[in-house]
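Colleague: Got the two-chain model open. Can you walk me through it?

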Amino acid sequence: MSIFSKSFILGVFIYAPLVFSQPQSDKLDTVKLWAEKAQQQCFMKIHFDTFAYQDCLVLMAKEEVGNKPRELGIYYFAYVGAMDAVRTGMYGSYNTAWYFLQRFRKIQRTLGIDDRSLCTTVPGNCDIRLSQIEQMRKMPQPAPIDTDGGTPKEKQTH
Amino acid sequence: MKLKSFAKLAILTLSLSILGCSTGPIKPSTKPPVDVKIIAMNDFHGYLNRSDNAELFLMDPDNPGKVATVKVGGASYVASLVKKLKSENNNSIVVGAGDFIGASPAISSFTQDEATINVMGEIGLEVSAVGNHEFDRGKKELLRLQNGGCAPGKEIGRETCIKNREFKGAKFQYLAANVIDDDTNQTLLPSTYIKKFNGVTVGFVGLTLRGTPKATRGAVGLTFNDEIEVINSHAAKFKGQGIEAVVVLIHQGGGTTAATLNDKSCPGLSGEIVPLVQGLKNVDVVVSGHTHREYVCTDKKTGILLTQANYYGNVITDINLQIEPGKGVINKRANNLPVITDQNKKVPKGYAVLSKDADIDREVQMYDDLSKKKRSAIQGYIAAPLPMITIEGTTARNNNAEHLMGDAIADAYLASAPKEAKADLAFINAGGVRSGLNTAGPITYDNLFGIAPFGNNLFYVDLTGEQLIRLLEEQWEGANCRNKPLMKNNVNMCGRMLQPSSTLTYKWDVTRGPGKDFGKGNLVIVDSVRIQGEPLDMKKKYRIVTNSFLAEDGGDNYTVFKQGAGLQDMGVVDIEAMVNYFNRYPASSPMPPPKRRISCDTCPKFY
């Protein structure tokens, strides 16, 4: 039987994606799990201020350096969580979201995970989220918030 | 026999009803259901004027997948929206979930927040839970805001009792079901509020988070009880009294990962409010707050409708209940409505721009004028300039310098602590000193605001002598140095220097080499450290006053603050501390320039 027989080609088309997608789905499970952990550990800190939130997530990610899916989970949630603050106009949150966008995109590329699949790891409207990511990617880096000066003028209260 | 059959039927009916089964067609109620509207807000924080960067993302039907940004907030726009909503249903009530006051801008804080209490009453707020910030100035002050009377020690007509030189207290009722006054063993304020609407009754329970004492210094002499126990106890009583709907107003919240306003799929809801709601019984709606987020969710386990309306009056929740008399809530829905100002030229389809309510605008304007007058008023005098120290040849602030202005602010921080707190010293980060005072003479509130515009609350934190040395070393360690080398005569003068109060003096030695890793520096000459003139005791705990940026967050890489004990919000905003401090120095006795507290014999002449 020629390896180019119809049944072989059909078999490749049917089974190959299953074989190759398995590790990808494992990766996504890890991303999802660590996104959830990041949410539990750091999300409510944004309520105090965006720097506390950012520090919490960066420290968390530092402990997972080398484990790309975990890092991606942390940084992807970090971005989505920051965008929740951006959408209600929290001072400094755009900078935080932009910062995490750069980080998660870099790891996402390394892992070869597409935008839609990644989006499923943190609940929300993927059409909107992907459109926002696309828009923000085109934007230049925002002017830095002056962290030297203490918390911003319109810091969040609790 | 007849009796036996009746008993059997009764038992069967009771059993089935206990099991939640239907025993046949429900007897139609003789009275039609009543629609009740609950208009809810939270975390207003005295923002009578719109906060400068208050914007919201809305779905834009004309651009699928895109969002539109709108400017929102301001009391006069809130009033317009409330009026509009009330006009839609006579059976309506305006409610709140706390933090209407506290951590508020000058327009409100200058009046001890009486301005906000008055305006919220005028807008129609009827009942609200207390939040942690309602306790910022202590229980007596909260009771004064509820019951009326002028604030002691404040200038009548300008700082208190503004309208007709009197303050009548809140037109609305604060609720504090889980807050027990230790003096009376009773709740500080009522626990519940009951309102009848055209034949149906709604019971409200109002309370704040149990962790309030951790979030404010003012919560003393009070005990904060478990939220779930308190709510369930009142809700059961309500049901026993035949009250058809139970609404909880609570200053506690969560957050979602939603991308736009009003995403009712409520993606990724998390936070303290989740287990709290899941522990409730006999409750129909939970109006939440505290976390400044925005959501409308239905808890899958309990069916409870859970809402929160962002902050600063940017959003209002429109909750609609259909209540069957004698039965209960048969339908409930809610929408978060943005308070869209007329500064927006275009808004997405389905949204409308609001115009200002003229009456409320007039009142807000009156408070605004008052605050402007106060801002230009002289707060004190200085005998000599307190200039900003800049990096040689530039206009950039030198962060590794002792700034006289920084010294004065630290002294003001320390002076704001009551004697009984026994505070030993105070710090402000160099970056927190935004400018100097370049001429001797009078200082206005606006001058002080230009120096310290952050509105940070002050905190106590206790550090041991050993930790204090570590803290000082962090001034020249890791990122505080490495990222910003500052060469002078081949010596790296990098660092971020904490500005100390006069009660701390010390020497440091630059030749020991700044820029080591965190935890490795040894530049402070330990023997030279004096606190209130006494040598440092490494084991003793010292109470430090500093701002929230340092105390809470360990900002500017001063991580030692996070290791401190007894972190406590003083309930004092930094600018208030400065105003009170400079008030001590009239024209006849201006503030002398502060004496230097830090010295470095090995440093090149630098400033």
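Predicted model: local features only at pLDDT ≥ 70, side-chain atom pairs only at ≥ 80, totals over all residues.

Colleague: What is the phi of B:Arg165?

Modeller: Positive, about 55°, although B:Arg165 is not a glycine. Most residues other than glycine have a negative phi.

Colleague: Is B:Arg165 buried or exposed?

Modeller: Exposed, because B:Arg165 has 10 C-beta neighbours inside 10 Å. The cut-off for exposed is 12 or fewer.

Colleague: And B:Cys266, where is that?

Modeller: In another loop of chain B, the one between β12 (245-251) and α8 (273-278). B:Cys266 has a positive phi too, near 50°, and is a residue other than glycine. With 18 C-beta neighbours inside 10 Å, B:Cys266 counts as partly exposed.

Colleague: OK, zoom out. How many helices and strands does chain B have?

Modeller: 15 helices and 30 strands. The C-alpha trace of chain B spans about 105 × 55 × 50 Å along its principal axes. Of its 607 residues, 52% count as buried.

Colleague: What about sequence separation in the contacts of chain B?

Modeller: Take the contacts between residues at least 6 apart in sequence. In chain B, 74% of those join residues at least 24 apart.

Colleague: Give me an example pair.

Modeller: B:Leu321 and B:Ile38. They sit 283 residues apart in sequence, yet their C-alpha atoms are 7.9 Å apart in space.

Colleague: Which strand holds B:Leu321?

Modeller: Strand β16 (residues 315-324) of chain B. B:Leu321 counts as buried, because it has 27 C-beta neighbours inside 10 Å. The threshold is 20 or more.

Colleague: What does B:Leu321 touch, leaving aside neighbours within four places in sequence?

Modeller: B:Val36, B:Ile38, B:Ala245, B:Asp284, B:Val329 and B:Lys332.

Colleague: Now cores. Which residues touch the most other members of the largest nonpolar core?

Modeller: A:Tyr76, A:Tyr79, B:Leu175 and B:Ile316, in a core of 153 residues. The largest share of this core, 12 residues, comes from α3(A). Apart from it lies another core, of 72 residues, including B:Trp508 and B:Phe549.

Colleague: And who are the contacts of B:Ile316?

Modeller: Not counting residues up to four places away in sequence, B:Ile316 touches B:Ile39, B:Ala40, B:Met41, B:Val78, B:Leu81, B:Val82, B:Ala309, B:Leu337 and B:Val339.

Colleague: Switching to the contact between the chains. How many residues does each one give?

Modeller: Chain A gives 36 and chain B gives 47. On the chain A side, the elements giving two or more residues are α1 (6-42), α2 (50-62), α3 (68-86) and α6 (126-138). The largest share of that side, five residues, comes from α6(A).

Colleague: What covers the buried residues of α4(A)?

Modeller: The cover includes α2, α3 and α6 of chain A. Among the buried residues of α4(A) are A:Tyr99, A:Phe100, A:Phe104 and A:Ile107. Just after the helix, A:Gly112 takes a positive phi of about 65°.

Colleague: Last topic, helix packing in chain B. At what angle do α10(B) and α15(B) pack?

Modeller: About 95°, with their axes 8 Å apart. The two helices, residues 404-415 and 574-582, are therefore roughly perpendicular to each other. B:Ile409, B:Asp411, B:Ala412, B:Tyr413 and B:Ala415 of α10(B) meet B:Ala577, B:Met578 and B:Tyr581 of α15(B). By class, that contact has seven nonpolar, no polar and one charged.

Colleague: And how do α4(B) and α9(B) cross?

Modeller: At roughly 175°, with axes that come within 10 Å. That makes α4(B) roughly antiparallel to α9(B). On the α4(B) side are B:Ala115, B:Val119, B:Glu122 and B:Ile123. They meet B:Asp359, B:Ile360, B:Glu363, B:Val364 and B:Tyr367 in α9(B). This contact has six nonpolar, no polar and three charged residues.

Methods:
Residues numbered from 1 in each chain as written. Chains lettered and ligands numbered in written order. Contact = placed C-beta atoms within 7 Å. Helix = DSSP H or I, 4+ residues; strand = E, 2+ residues; numbered from the N terminus. Core = buried A, V, L, I, M, F, W, Y, C linked by C-beta atoms within 7 Å. Axes fitted to C-alpha atoms, helices over the stretch in contact; angles between N-to-C directions. Parallel < 35°, antiparallel > 145°, perpendicular 65-115°, else oblique. Nonpolar A, V, L, I, M, F, W, Y, C, P; charged D, E, K, R; others polar.
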